[in-house]
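Dear colleague,

I am handing over the structure below, together with some notes on its side-chain contacts. Please read them alongside the coordinates.

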Amino acid sequence: MNNILSKRVLVLFSIVERGKGKKLMKYLKEQNIRMHYQCVGLGTAPTEIKDIFGIGSRDKDIIISLAAEEKVKEMMADFGNRFSSYSEYGGLMLVLKPDSMNRLAAEILNYGILEGEVQKGGTTMKNEYNHHLILIAVGQGYSEEVMETAKRAGATGGTVIRGRLADTEMMAEFVKDKIDEERELILIMASSKNSGKIMESVNEEFGLRTNARGVICSIPIEKAYKI
């Protein structure tokens, strides 16, 4: 399958102080980065690591954002002017590059950047790593069905996190229907042998054109250790 769309999408994984997630999303929205999934976490980093990076309290807002690569680069160019030596949000932002994503979601994120209209299509896949982390965001109540489908396609298990879609208007505009804010995020680690089949199977039953309104992407894992 063609992989050009996934090369134009990045994932921002932000861990900030509890209560500052809304402020971060406001800033990201100003940068035309508008697809965010928000949940709550508990920081476990050692004190010395917190001191180095300026990470304060243990309670965290976790923001998972998907955006066109061009918009992320524009935002990063603004970092030098906006952020000083102290951490405004009390946390970290990781920029990750997925190597596959369901096509409709990728085209929505790149609307106005990619040429042509939004088209129907499946996932774009490029397996160059031994393992991938598959992120599946669906409406509340679909996680068990998603896992059943994923297991039939070769997944051995997964982790479900409750969160919410912070800005539903953009997605609703394209799917021509109301989008529920409440989301379930399913994280599945799979071998490169199975990841493509898992994504295709889940996208077919729970993609953006279904009632589950699923967004699916895959991020390559450099190394994984059983601890």
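A salt bridge is taken here as a side-chain nitrogen of Lys or Arg within 4 Å of a carboxyl oxygen of Asp or Glu. The model is a predicted one, in which local features need pLDDT of at least 70 and side-chain atom pairs count only at pLDDT 80 or more, while totals for chains, interfaces and linings use all residues. Residues are numbered from 1 along each chain as its sequence is written, and side-chain values rest on heavy atoms, with hydrogens and water left out.

The side chains of Glu69 and Lys73 meet at 3.8 Å, N to O, and both residues belong to helix α3 (residues 69–82), where they are four residues apart, about one turn of the helix; helices are DSSP runs of H or I with at least four residues, strands are runs of E with at least two, and both are numbered from the N terminus. Lys73 is exposed at 52% relative accessibility, on a scale where buried means under 20% relative accessible area, exposed over 50% and partly exposed in between, with a 1.4 Å probe and protein chains only.

Arg152 and Glu205 form a salt bridge of 3.7 Å, N to O, and this pair links distant parts of the chain, since Arg152 sits in helix α5 and Glu205 in helix α7, 53 residues apart. Arg152 counts as exposed at 57%, whereas Glu205 is partly exposed at 42%. In the bridge between Glu17 and Lys20, the closest N and O atoms are 3.6 Å apart; Glu17 is partly exposed at 21%, and Lys20 is partly exposed at 26%.

Turning to the rings, the structure holds one aromatic pair, where rings of Phe, Tyr and Trp (its six-membered ring) pair if their centres lie within 6.5 Å, and planes under 30 degrees apart count as stacked, over 60 as edge-to-face and the rest as tilted. The centres of the Tyr142 and Phe206 rings are 6.3 Å apart and their planes stand at 70°, so the pair is edge-to-face. Tyr142 lies in the loop between β7 (131–139) and α5 (143–152), and Phe206 in helix α7 (residues 192–206), 64 residues away. Phe206 is buried, at 5% relative accessible area, whereas Tyr142 is partly exposed at 23%.

Finally, Lys23 lies over the face of Tyr89, at 5.5 Å from the ring centre, a charge being over a ring if NZ of Lys or CZ of Arg is within 6 Å of the ring centre and within 35 degrees of the ring normal.

With kind regards
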